[in-house]
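Thanks for passing this one along. Here are my notes, in numbered points, to read beside the model.

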Number of protein chains: 2
Amino acid sequence: MTSRGAEVRARENQSKFVQSRIDNIEKHYAEICQEFASYTRKTGRLRDKGDAVAKAVLLYADSETPSMKTGLTGFAECLSSVQDYRNAEVDRLERKVVTPLTLYGTECKHAKSDLKASFAAYGKEQKQQKRLEQVRLKNPSDRHQISQAESELQKASVDATRSTKALEDEMDRFEKKKMQDIKQTILRDFVQIEMVFHAKALEVYTQAFQTLMSISEDDDLEEFRNSLRPPSTPGTSRLDLVRAGSKGSLNSTSRSTGNRHTPSTDRRNGSHHDNHNMTNHDDDDDDEETDEDEDDSYYRS
Amino acid sequence: MTSRGAEVRARENQSKFVQSRIDNIEKHYAEICQEFASYTRKTGRLRDKGDAVAKAVLLYADSETPSMKTGLTGFAECLSSVQDYRNAEVDRLERKVVTPLTLYGTECKHAKSDLKASFAAYGKEQKQQKRLEQVRLKNPSDRHQISQAESELQKASVDATRSTKALEDEMDRFEKKKMQDIKQTILRDFVQIEMVFHAKALEVYTQAFQTLMSISEDDDLEEFRNSLRPPSTPGTSRLDLVRAGSKGSLNSTSRSTGNRHTPSTDRRNGSHHDNHNMTNHDDDDDDEETDEDEDDSYYRS
């Protein structure tokens with residue numbers, strides 16, 4: 001094997017190496033991009049489900065006693081707020097992680113066409129080399145033809161060298177950019193986007209916890225007992241009873257049951273302004289049942 | 001309208017009130033349960049996608065230069081660790097939020113049958129009341145029959161009163177339990193499960209960030225340049241070149257390209273023990289493409 005033969009093989013191997021680097025990036029970045037896109041979409045689905053939980057809790061809160069109503073509404077608002085942050089997370093993941101990764105399809109295409117151009121110049125050099133050898137064999141005395149072939153080979157060699165150099169520079173730039181993109185932007189942004197979301201969620205859930213803890217079971221139980229067994233109102237006349245009965249209001253009417261089962265602990269001038277909530281049946285949440293293609297019910301009644 | 005009529009209506013209204021409370025809980029808790037179950041499932045999907053991203057990054061890391069390989073592997077491990085915490089979150093949500101909510105189906109069923117029993121006793125009392133009135137009308141002088149009807153009514157009244165009292169106690173217990181379950185266990189557990197997850201994720205991502213920042217682009221670029229344009233090795237003989245060529249190793253072979261395009265900055269006794277990674281084409285990640293029923297590709301090459 002000649003030194004020239006080794007060089008030819010080396011050149012081809014360099015070309016193969018470059019090709020394999022580009023193919024590798026193209027393949028893996030496409031996969032990583034697809035998985036990040038998928039992750040982003042699933043985060044969006046989770047945001048929607050978080051909103052659905054918040055909505056269901058809010059609807060329920062509207063039908064509850066005052067303290068529960070306040071506490072549950074606050075909880076639902078926190079849950080909804082977490083989904084707002086999740087929505088910002090989804091937007092940012094799409095913009096700062098998925099989109100930059102999609103650009104690598106084009107990046108790799110360009111790198112490949114650079115490689116092709118470089119290899120074409122090298123092929124031309126080889127062709128000129130062969131031509132020169134043929135001329136030397138056939139017409140060893142034709143100085144003019146030999147000199148012309150030598151000159152053409154030199155030109156092709158310069159082109160090939162320049163082209164190879166350009167490819168190497170381009171690959172250098174490509175490698176550097178790729179690493180910086182991964183380290184300084186794409187994955188770093190991913191980590192930061194996730195961190196911001198988790199930190200915000202932690203903050204909001206701390207608030208949700210406090211809101212829940214502010215629910216006073218005792219106040220609400222008293223409210224409930226007053227509705228179930230309202231205290232006898234001393235000033236209640238027969239007329240009041242009749243009027244109360246004809247109004248059909250649960251609370252007003254149940255006053256007429258007298259004080260048979262009203263324990264003394266239930267006595268208090270309870271405010272009844274929230275009674276309408278107790279019997280308020282919201283049936284406008286039918287849309288909660290949609291888009292559950294894969295849901296097998298956990299709830300067996 | 002008589003006082004008795006008002007009492008009858010009051011009794012019926014109390015019964016309706018209790019019924020509406022139970023129906024309300026049954027309806028809303030079923031909805032909330034379903035939404036939490038759905039939220040939990042979506043969290044599980046997100047966990048799977050997070051694992052898929054980690055896997056894709058890990059596969060890519062294996063094909064990269066040393067520093068990138070280390071950094072990306074560390075990043076993938078962190079991402080995978082976040083999914084482990086998410087998995088614990090899913091398990092805990094199912095166990096501590098969804099399952100307790102499903103139990104309300106049975107709770108409500110029991111409360112309804114208590115209401116039914118109470119109303120039956122009340123119906124019996126009313127029936128005895130009517131019978132007594134009929135006896136008084138038909139046989140006003142029959143002391144024995146009247147006295148017997150009076151005695152039966154009294155018995156029915158005692159039963160009805162006891163039953164009503166039992167129902168009221170039961171409803172009291174039901175209301176109290178419901179509030180405590182929501183405040184002290186179900187929603188509180190939900191908030192705590194979420195908080196633990198977010199705190200852990202924040203911790204792990206902090207680590208992921210540090211791992212990413214430890215990637216040395218310069219080291220890897222030098223490694224890459226050495227592979228693309230290896231430094232001329234003084235001791236390389238013709239035999240080495242031939243052997244290198246026949247081995248087909250990219251790095252060994254590319255040595256034979258000589259030092260035509262090797263800038264002085266690239267000179268260093270670079271370690272080549274990681275070269276196999278650069279050309280290591282993993283094609284065993286085909287399973288990455290499955291289960292993407294809804295994925296429209298973000299990646300256009």
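1. Helix α4 of chain B has a kink of about 45 degrees, centred on B:Ile182. The bend at a residue is the angle between axes fitted to the seven residues ending there and the seven starting there. Helices here are DSSP runs of H or I with at least four residues, numbered from the N terminus.

2. Helix α4 of chain B covers residues 143-213, and its end C-alpha atoms are 101 Å apart, in agreement with the 105 Å that its 71 residues should span at 1.5 Å a residue. That expected span is 1.5 Å times one less than the number of residues.

3. With 37 residues (66-102), helix α2 of chain A reaches 52 Å from its first C-alpha to its last, close to the expected 54 Å.

4. A word on the basis of these points: this is a predicted model, where local features need pLDDT of at least 70 and side-chain atom pairs count only at pLDDT 80 or more, while totals for chains, interfaces and linings use all residues. Residues are numbered from 1 along each chain as its sequence is written, chains are lettered from A in the order in which they are written, and side-chain values use heavy atoms, leaving out hydrogens and water.

5. How many disulfides are there over all chains? The count is zero, taking a disulfide as a pair of cysteine sulfur atoms within 2.5 Å. For B:Cys33, the closest cysteine sulfur is in B:Cys108, 12 Å away and too far for a bond. B:Cys33 is buried at 0% relative accessible area, and B:Cys78 is buried too, at 4%; buried means under 20% relative accessible area, exposed over 50% and partly exposed in between, with a 1.4 Å probe and protein chains only.

6. Do look at the aromatic rings: over all chains there are 16 aromatic pairs. One of them joins A:Tyr39 and A:Phe190 edge-to-face, with 5.8 Å centre to centre and 65 degrees between the planes. These partners sit 151 residues apart, A:Tyr39 in helix α1 (residues 3-61) and A:Phe190 in helix α4 (residues 143-213) of chain A. Rings of Phe, Tyr and Trp (its six-membered ring) pair if their centres lie within 6.5 Å, with planes under 30 degrees apart stacked, over 60 edge-to-face and the rest tilted.

7. Both A:Tyr39 and A:Phe190 are buried. They also belong to one aromatic cluster with A:Phe36, B:Phe75 and B:Tyr205.

Key:
Helix = DSSP H or I, 4+ residues; strand = E, 2+ residues; numbered from the N terminus.
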